[in-house]
Every structure is written in C-alpha cells, then in structure tokens.
Amino acid sequence: MNSNSNFFERSNYFVGQNAICSKSYDKYQIFNNKKENIGFVRERMTKGKKILRQVVGKTFLPAQIEIRSANGTLEVLLSRRSFFQSNKIVICDPRGNVLGCIKRRVNFFKSTYTILNQFDEIIAEISGNDKEWSFMITDASKSKIGSIDKKWEGIMKEIYSSADKFNVNIKTDFVNKNDKIAIFSSAIVMYMI
C-alpha cells in the first residue's frame, strides 16, 4: 500500500466519464465533494483487445483496471484473469499483494456483489437495481455502510454532461483500511466490468 496516500480517507467519491473521452477508452475521473480532481480510473487495453471488445463485448474478456491518484500514483489494481473466472475480480495493492476479491451474481435486473478480504471472509455486499442504478452497501452483519447511485445532487453537473457518472458514499470509520479500499474498488468494478 502507498503509505503516504490519503486517497481512501474520505467518504464521498464522484466518478464520471468526461464527455470528450470516447467510451472505448474507459477512463473516468474521480472528484471529492469540493469538485477537486483526486484521481482517475483507467483500463489497460491493447489495440487487439479494443477490437475484440467490439466483437464479443467486455463482459467475458480478461481485464485490468487501475485506480490512480491525481498525480498518477497507482492506488489499486483490479483484474479479471479469464473467461472462466468472469464473475471474480481480484483486488491488489500497488505491489501486487492481494487485498481481496469481488464476486458478482446477476439475477434479472438485480446484481449482488460480494466483497471478500484476502482470507476469503465476507466484508461487505453491494446489492440493488441495475435498471435504476441504485445500490446499497452493507457490511457482513447486513448494516448499511454506504450507497452507490447516479444522483450527484447538482454538485458536479457542470463538469460532466455524460450520463456515465455515479456517486459512491462509504462510511469513513473503518478499522481496516483495506476493507474500504475493497468496497470502493467494487463500485468501480460494477460500472467498468
């Protein structure tokens, strides 16, 4: 983990795709509630993968997504290794140490993302309506600890004109910082993979 980083010490993150960026690049900016750019998310893609994605879609292809601070420092690396593991995404720190994983279950218009730590213990679950894009984050005891939705309540409307934006709200009082990292990473995975 980057010990000097304070990227995960906030409770609100506003994530949006810039209207001038092409959707095929999958690059998103991350803002705090003061409209300051605090980071970005991008997917590592070769030219061949970009072409293959247009043919078969992104759901079944291997993927690597980087979450970086505004100065370009790698904070988290997310990866789906193969078609056969398409429902499991591994969360790693900048050194490649596994922090946990995300497992996805889809049932009609409802998705559930189970977030596990590096010991395969459940730390949280994200569930909600895919159609309305409104999700609740609960901890292992089913207490609400956050939400993910497309309601930015006006704070960032003027920055992005695209509909590709969402707000992640997570309680800040986590004992284990890696748990919060895994939960925020899961919000990114929901939209990008």
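Modeller: Start with one pair of neighbours. Strand E2 covers residues 27-31 and strand E3 covers residues 37-43. The two pair in the antiparallel sense, over 5 bridges. Within this pair, Gln29 stands opposite Phe40 in E3. Keep in mind that this is a predicted model.

Now widen the view. 12 strands close into a barrel, in the order E1-E2-E3-E4-E5-E6-E7-E8-E9-E10-E11-E12. The pairing is antiparallel. From one strand to the next, the twist averages 20 degrees. Helix H2 packs on the sheet. H2 touches strands E1, E2, E3, E4, E5, E6, E7, E8, E9, E10, E11 and E12. The direction of H2 makes about 160 degrees with that of E12.

Next, follow the chain from E3 into E4. E3 and E4 pair in the antiparallel sense over 5 bridges. Here Arg42 stands opposite Glu66 in E4. Strand E4 spans residues 63-69. E4 is mostly covered, with 6 of its 7 residues buried. On to E5, which spans residues 74-80. E4 and E5 pair in the antiparallel sense over 6 bridges. Ala63 has Arg80 in E5 as its bridge partner. The hairpin of E4 and E5 has 4 residues between the strands. In that hairpin, Gly72 takes a positive phi near 95 degrees.

Two loop residues also have a positive phi. Most residues other than glycine have a negative phi. Asp120 is not a glycine, yet its phi is positive, at about 60 degrees. Asp120 sits in the loop between E8 and E9. Asp120 counts as exposed because its relative accessibility is 55%, and the cut-off for exposed is over 50%. Lys142 is not a glycine either, and its phi is positive at about 75 degrees. Lys142 lies in the loop between E10 and E11. Its relative accessible area is 54%, so Lys142 is exposed.

Now look at a covered position. Ile115 is in strand E8. Its relative accessibility is 0%, so Ile115 counts as buried; the cut-off for buried is under 20%. The C-alpha atoms of Ile115 and Arg104 are separated by 8.9 Å, and the two residues are 11 apart along the chain. Leaving out residues up to four places away in sequence, Ile115 touches Cys101, Glu121, Ile122, Ile123, Ala124, Ile126, Ala182, Ile183 and Ser186.

Ile122, Ile123 and Ile183 are among the residues that line the largest pocket. The lining also includes Asp139, Ala140, Ile145, Lys171, Asp173, Phe174, Val175 and Asp179. Strand E9 (122-129) and helix H2 (177-192) each supply at least two residues of that lining. By class, the lining has 7 nonpolar, no polar and 4 charged residues. The space in this largest pocket is about 170 Å³.

Ile183 takes you to the lining of the largest pocket.

Conventions:
Residues numbered from 1 in each chain as written. Predicted model: local features only at pLDDT ≥ 70, side-chain atom pairs only at ≥ 80, totals over all residues. Heavy atoms only, no water. 1 Å grid on protein atoms, 1.4 Å probe; cavity = no way out; pocket = protein on both sides within 12 Å on 5 of 7 lines; lining within 4 Å. Points joined across faces, edges and corners; volume = space filled by probe spheres on them. Nonpolar A, V, L, I, M, F, W, Y, C, P; charged D, E, K, R; others polar. Pairing = 2+ DSSP bridges. Axes fitted to C-alpha atoms, helices over the stretch in contact; angles between N-to-C directions. Contact = heavy atoms within 4.5 Å. Buried < 20%, exposed > 50% of the residue type's maximum accessible area, 1.4 Å probe, protein only.
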